[in-house]
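Please keep the structure in view while reading.

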Amino acid sequence: MRLSDELPVDHKLATVYRYGAAFCGVVLLVFGVLGFANQLAPFNTDGESLAGLTTNGVLSLVSVVVGLALVAGGVIGGNFASTLNMTVGTLFLLSGFVHIFILDRPANVLDFGMTNVMFSFIMGLVILTFGMYGRVSSKLSHDNPYWRRRHPREAARESLARRRAVTAAASLPGGHADAAAGPVLTGRVSHAE
């Protein structure tokens, strides 16, 4: 099963992934566009500052490209946005760690300063959190598609119990299938994770 098959299109988690990606993308786009508006030299490492962060033309370009990718992920939504958020968030964290070691060296072509490193860590954690929300937890609800994928036996038992309750309620005179299915849908089955 592919990741894109796990999350139903209309699942509420898709909204978190979509808005998380779009929000972080817009922040990066604004930073990159402001850098271009400042007419920064591409590989300038003289410490030009923008919104408290040192920047140059290449960092502005990288910010715009990543921002556009995140906004596109927000438009597409679903598992794509979640996976994109996790990937970009991880890359931001790695970038922060790498730039700690090359801060005052010639290899620092993006003109990172310590505030950029902190921003990279914070933005990476925010983007990563948006991507992992509802996917990585020990207490996922039983209607969560990721829980169902990780616990196929219990999911099958709950699905069977739900179908039996609906069938039993429908066979009763004047019975209403939705009323009978309600407690089964919301109940949690104890399990060892």
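## Order of elements

From the N terminus on, the elements of the protein chain run α-β-β-α-α-α-α-α-α. In total there are seven helices and two strands, where helices (H or I, at least four residues) and strands (E, at least two) are DSSP runs, numbered from the N terminus.

The model is predicted: local features need pLDDT of at least 70, side-chain atom pairs count only at pLDDT 80 or more, and totals for chains, interfaces and linings use all residues. Residues are numbered from 1 along each chain as its sequence is written, and side-chain values use heavy atoms, with hydrogens and water left out.

## Burial and contacts

Of the 193 residues of the protein chain, 41% count as buried; buried means under 20% relative accessible area, exposed over 50%, and partly exposed in between (1.4 Å probe, protein chains only). Among contacts (heavy atoms within 4.5 Å) between residues at least 6 apart in sequence, 66% join residues at least 24 apart.

## Nonpolar cores

In soluble globular proteins, nonpolar side chains tend to be buried together. A nonpolar core is here a set of buried Ala, Val, Leu, Ile, Met, Phe, Trp, Tyr and Cys residues joined through side-chain atoms within 4.5 Å. The largest such core has twelve residues in all, among them Phe31, Leu50, Met86, Leu110 and Phe121. Helices α2 (57-76), α3 and α4 each supply at least two residues of this core, and α4 gives the most, with three residues.

A second, separate core of eight residues includes Cys24, Leu70, Leu84 and Ile127. Returning to Leu110 of the largest core, this residue touches Asn56, Val58, Leu59 and His99, not counting residues up to four places away in sequence.

## An aromatic pair

Rings of Phe, Tyr and Trp (its six-membered ring) pair if their centres lie within 6.5 Å; planes under 30 degrees apart count as stacked, over 60 as edge-to-face and the rest as tilted. By this rule the count comes to one aromatic pair. Phe97 and Phe121 form this edge-to-face pair, with 4.9 Å centre to centre and 65 degrees between the planes. Phe97 lies in helix α3 (residues 78-101) and Phe121 in helix α4, so the pair ties together parts that are 24 residues apart in sequence.

Are the two partners buried or exposed? Phe97 is partly exposed, with a relative accessible area of 48%, whereas Phe121 counts as buried at 16%.
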